[in-house]
Amino acid sequence: MSQQTSPSLTVQTRRGEAWLASADLRPTRQRVALAALLVGDGQDRHVTAESLFSNVCRSGEKVSLATVYNTLRAFCDAGLMQEVTVDGTRSYFDTNMDEHPHFFWEDSGELTDAPAEDLKIVGLPAAPDGMEIASVDVVIRLRKT
């Protein structure tokens with residue numbers, strides 16, 4: 001890092017590098033830049049590939065949209081993030097790996113965590129022979145009345 005790097009950027013970069021290391025992912029320049037944006041401040045994020053691409057471009061890093069998509073997939077495959085699909089067409093990527101429901105705000109297109117303690121799922125159908133239920137995704141769609 002150069003001496004001109006801000007202290008907060010250094011902390012964000014270190015957090016991103018540690019996050020990658022926790023999954024044994026090689027810390028390429030692009031991965032570190034994206035990881036720093038995703039987890040650098042210690043907060044969980046819900047992002048689309050396009051919103052993350054926009055943020056990384058604003059940071060001055062040179063990364064293609066295809067690289068952002070591929071990196072998000074690698075992060076999911078490594079167990080660092082989960083993909084949440086809304087409407088079967090819109091994918092969000094969530095850094096919170098705990099099982100939890102989501103609110104999808106139709107007016108803004110934002111995805112946020114919903115309180116898990118209030119959710120009770122009962123009466124799931126039995127899984128077909130030779131299969132087990134791996135997880136249940138809950139997306140609660142909200143719109144103004």
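Colleague: At roughly what angle do the axes of H2 and H3 cross?

Modeller: This is a predicted model, in which local features need pLDDT of at least 70 and side-chain atom pairs count only at pLDDT 80 or more, while totals for chains, interfaces and linings use all residues. Residues are numbered from 1 along each chain as its sequence is written, and side-chain values use heavy atoms, leaving out hydrogens and water. Axes are lines fitted to C-alpha atoms, for helices over the stretch in contact, with angles running from 0 to 180 degrees between N-to-C directions. The axes of H2 and H3 come within 10 Å, and they cross at roughly 105°.

Colleague: Is H2 roughly parallel or roughly perpendicular to H3?

Modeller: Angles under 35 degrees count as roughly parallel, over 145 as roughly antiparallel, 65 to 115 as roughly perpendicular and the rest as oblique. With axes that cross at roughly 105°, H2 and H3 are therefore roughly perpendicular.

Colleague: How many residues of H2 are buried?

Modeller: Buried means under 20% relative accessible area, exposed over 50% and partly exposed in between, with a 1.4 Å probe and protein chains only. The buried residues of H2 include Arg 31 as well as Val 32, Ala 33 and Leu 34. H2 is largely enclosed by the rest of the structure, because its buried residues number 8 of 11.

Colleague: How do H2 and H4 lie relative to each other, roughly parallel or roughly perpendicular?

Modeller: The axes of H2 (residues 29-39) and H4 come within 11 Å and cross at roughly 70°. H2 and H4 are therefore roughly perpendicular.

Colleague: Which residues of H4 are met by H2?

Modeller: The contact of H2 with H4 has 7 nonpolar, 3 polar and 1 charged residues. On the H2 side are Gln 30, Arg 31, Leu 34, Ala 35 and Leu 38; on the H4 side are Thr 67, Val 68, Thr 71, Leu 72, Ala 74 and Phe 75.

Colleague: Is Thr 71 buried or exposed?

Modeller: Thr 71 lies in helix H4. Apart from neighbours within four places in sequence, Thr 71 is in contact with Arg 31 and Leu 34. At a relative accessible area of 7%, Thr 71 is buried.

Colleague: What distance does H4 reach from its first C-alpha to its last?

Modeller: H4 covers residues 65-77, 13 residues. The expected span of a helix is 1.5 Å times one less than its number of residues. Close to the 18 Å expected, H4 reaches 18 Å.

Colleague: Which phi value does Asp 24 take?

Modeller: Most residues other than glycine have a negative phi. Asp 24 is in the loop between H1 and H2 and is exposed, with a relative accessible area of 72%. Although not a glycine, Asp 24 has a positive phi of about 55°.

Colleague: Where is Asp 87 placed?

Modeller: Asp 87 also has a positive phi, near 65°, in a residue other than glycine. Its place is in the loop between strand S2 (82-86) and strand S3 (90-94).

Colleague: How many helices and strands are in the protein chain?

Modeller: Helices (H or I, at least four residues) and strands (E, at least two) are DSSP runs, numbered from the N terminus. Along the sequence the pattern is α-α-β-α-α-β-β-β-β-β. The protein chain has 4 helices and 6 strands.

Technical notes. Contact means heavy atoms within 4.5 Å. Ala, Val, Leu, Ile, Met, Phe, Trp, Tyr, Cys and Pro count as nonpolar, Asp, Glu, Lys and Arg as charged, and the others, Gly among them, as polar.
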